[in-house]
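Work through the exercises below with the coordinates open, and try each task before reading its solution.

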Amino acid sequence: MLATLRRIVQEVNAARDLEQALTIIVTRVKQAIKVDVCTVYLFDPAQDAYILMATDGLNPESIGRVSLARGEGLVSVVGETEEPLNLDDAPIHPRYRFIAETGEVYYHGFLGVPIIHHRRVMGVLVARQYDKRRFHDDEVAFLLTIAAQLSGAIALAAASGGIRGFAADQEGVESRPIVGLPGAPGIGFGAAVVIYPPADLSAIPDRQISDVEGEVAVFQAALEAARGDIRALEHRMGDSLTAEDHALFNAYTLMLSSPSLENQTIERIRAGNWAAGALRDTIAEHTRVFDLMEDAYLRERAEDVRDVGRRILARLENTPRDERKYPERAVLVGDEITASMLAEVPLDRLAGVVTVRGSGSSHVAILARSLGIPAVVGLSELPVGRIDGRELIVDGDSGTLFISPSAKVREEYLLLAREEERLAAGLAELRDLPAITPDGIHIPLYANAGLLSDINPSLHQGAEGIGLYRTEFPFMIRNRFPSEEEQRQIYRQVLEAYAPLPVTVRTLDVGGDKMLSYFPIHEENPFLGWRGIRITLDHPEIFSVQLRAILRASIGLGNLRLLLPMISDVGEVDQALRIVRRVHQELCGQGEAVTMPEIGIMIEVPSAIYQIDSLAPRVDFLSIGTNDLTQYMLAVDRNNARVASLYDSLHPAVLRAMMQVVVTAQRCGRAVGVCGEMAGDPASAILLLGMGVSNLSASVTSLPRVKWVIHNFSIGRARDILDEVLALEDTRSIRRHLDGILQQAGLGSLVRAGR
Ligand code: PEP
Ligand code: MG
């Protein structure tokens, strides 16, 4: 059973579209458990009915035509109960409904299992037998496993255009949004530009071409070059190859010379797809044959075919093409989008960012926020490969995406975008006013920054300094460690742009989801692994070069504050301080006029919360990093879309932890700021004021909203609200309570835009 299951899942995952996926399911399941009929019904919310989408055994004409309204028939019983229904004599069940159109007879044996994705019933998988048959437990479990494993693939295919298949090319299709997570606020309109990692075949999108013969020539040249690569590789290995290795090389050469590989790909190019997309489909077709083989050795050959595909692709990607031209309004779309991918697009053409992975606190979202670009992340159901060039609406406030929206949806969004512009214009009036509460307390509002474009004065939104300068971004967009001088120049620009206002420079915080291509780290649990200060303490040569660059950059400015990330115990602070002092002394000894900056630590690991009384006296200030603190406190990966609904810094446990930090630090006479994304959420900002936090640092685009909160809530009122919130037991009630308060205060529009 297990082998059958694996093969079905593989075949379905390689299916071209929903129709093919469902046909594979019904055919294979029918064979596997030897039934007379296997059918899939999918629920269509638009029709409020289960539609027969695939069948092996009933009249194929009924596909797409026969439906059962919600509540009707045994299929609805399975949908309602969300449980398998196993009946040896279905017609005697009170909810049984005979459907003549399917050409059915009175089938007796019935087994239906729900297809559930993210708690939602997507449909029902049904097996039927003419004779009376009660299905065996193993068979029920088999169907359940198939349904559970395939629900994601079905949801993905369905998301491409409703359950009627990929209908987005049809004019006038009423578009339904794909729901993800808010990444960065705002509404973006533009054309999808799909970005994919190099030499990753499965990530290649379809792309229309006009010069077919030119594309065929590009493909043939790449194929020839890949053949040359294999020959050269074999030649270079020479005598060290065993007979078996030679056989492998021969197999590669054979595959690369196989007329079917070449001809099928050319055929696909002639059908209008570009070479990479055509190659992807040909390789998928070839691997499918191997994947289906019983023999494990032969099955593994599928990997060789994929490898051949990757080699041709690598050559295709090396083919000089015109520099990528971005449309006037480009929405970057990718499985994952890195800082360097973002940096490639001219900012004035970037209208939105859309990713399959990630959550509101992953770094792509943080970057998008700091650039003021609407973003939707965690769109696990996005058919990335099929939307290049399509019109998109990115609703970064609610976390939804429209593909090829209808005119009506577009109109509604244009209205909404205008409303948001008005709100932004209203908030802009606060821009140059200091952030002072009605009872006269100044809460400096700082900006979080990381890209050089962040320091563009037109973007700074009245920030009173930089509360978090993430130094890793300049590291991430290079292909080697930046030199001391390169770093010094970057830091100098930031420090100078804001002087005399303070700039808090955080030392390198890579690891987790921030990887350097030239310093790969492979770990099972990167967020619990080698991250932040752990890496820099293990590599003092990298740390001290950075510290030298930072200290030298600040000469004569006096506005530097230094921040250490990911502190989890006092030993790390002591060791880091020793290195900072040593570097400072060395520079002084070399005649550099450096001064010792204020030094702070990030509180973002739960262990630090319980050691504030030991940590605080060692440093000058503390900064709570709510992004990581929330992920570590709640055990919710900040990048995992599947659990993203559990990720919320307003969780009562996070609030209590933060209060403990503030209270203990104040007892030690140390100021506490907040530099995680929570500081940019208007509702949360009220609570942070109530806790007694002394400054807030957020993405520049969030600052006007937070300033509005500071202007409208006295510290006394914020404390009262904090008390009310602390009496609530769950995140949802807290969010609702705070939204109500913002509405009452006349800031209802922030409730939508503040997400
Ligand atoms: C944080 O963890 O809250 C933080 C500000 O740092 P980063 O998002 O860069 O991990
Ligand atoms: Mg962090």
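The model is predicted: local features need pLDDT of at least 70, side-chain atom pairs count only at pLDDT 80 or more, and totals for chains, interfaces and linings use all residues. Residues are numbered from 1 along each chain as its sequence is written, chains are lettered from A and ligands numbered from 1 in the order in which they are written, and side-chain values use heavy atoms, with hydrogens and water left out.

**Exercise 1. Confidence and domains**

Task: Find the mean pLDDT of the protein, and locate residues over which pLDDT stays under 50.

Solution. Begin with pLDDT, which is the predictor's confidence in each residue, from 0 to 100. Its mean for the protein is 87, and 90% of the residues reach 70 or more. Over residues 162–174, however, pLDDT stays under 50, and for this stretch the model has 28 contacts (heavy atoms within 4.5 Å) beyond four places in sequence. Next, take the domain bounds, which come from an automatic or database domain assignment: that assignment gives domain 1 (2–159), domain 2 (178–196 + 323–404), domain 3 (201–316) and domain 4 (435–750). Taken over C-alpha atoms, the centres of domain 3 and domain 4 are separated by 48 Å.

**Exercise 2. A glutamine in helix α20**

Task: Decide whether Gln631 is buried or exposed, and list what Gln631 is in contact with when its neighbours within four places in sequence are left aside.

Solution. Gln631 is found in helix α20 and, with a relative accessibility of 4%, counts as buried. Beyond those neighbours, its contacts are Phe527, Arg531, Val636, Asp637, Arg638 and Tyr647. For Arg638, there is also a distance to note: its backbone nitrogen lies 2.9 Å from a polar atom of the Gln631 side chain.

**Exercise 3. Reading the open sheet**

Task: Give the order of the 8 strands in the open sheet, and work out how β11 pairs with β10 and with β12.

Solution. Two strands pair if DSSP finds at least two bridges between them. The order is β7-β14-β13-β9-β10-β11-β12-β8, with mixed pairing; the edge strands, each pairing on one side only, are β7 (178–179) and β8 (181–184). Strand β11 (residues 350–355) has 6 of its 6 residues buried, so the rest of the structure largely encloses it. Strand β10 (residues 330–334) runs parallel to β11 and is joined to it by 5 bridges, with Gly334 opposite Thr355. On the side of β12 (residues 375–377), the pairing is again in the parallel sense, over 2 bridges, in which Val353 is partnered by Ala375 and Val354 by Val376. Strand β9 (residues 187–194) is joined to β13 (residues 391–395) by 5 bridges in an antiparallel arrangement, while 4 bridges join β9 to β10 in parallel.

**Exercise 4. Backbone angles**

Task: Determine where the residues Met566 and Ala635 lie, and what phi each has.

Solution. Met566, in the loop between β18 (560–564) and α17 (570–589), has phi near 60 degrees, a positive value in a residue other than glycine, and is buried at 1% relative accessibility. Ala635, in the loop between α20 and α21 (652–667), has phi near 55 degrees, also positive, but is exposed at 70%. Finally, inspect the peptide bond joining Ala499 and Pro500, which is cis with omega about 5 degrees; Pro500 lies in the loop between α14 (484–498) and β17 (503–506).

Technical notes:
Buried < 20%, exposed > 50% of the residue type's maximum accessible area, 1.4 Å probe, protein only. Polar contact = N/O pair within 3.5 Å; in protein donor to acceptor, adjacent residues only side chain to side chain.
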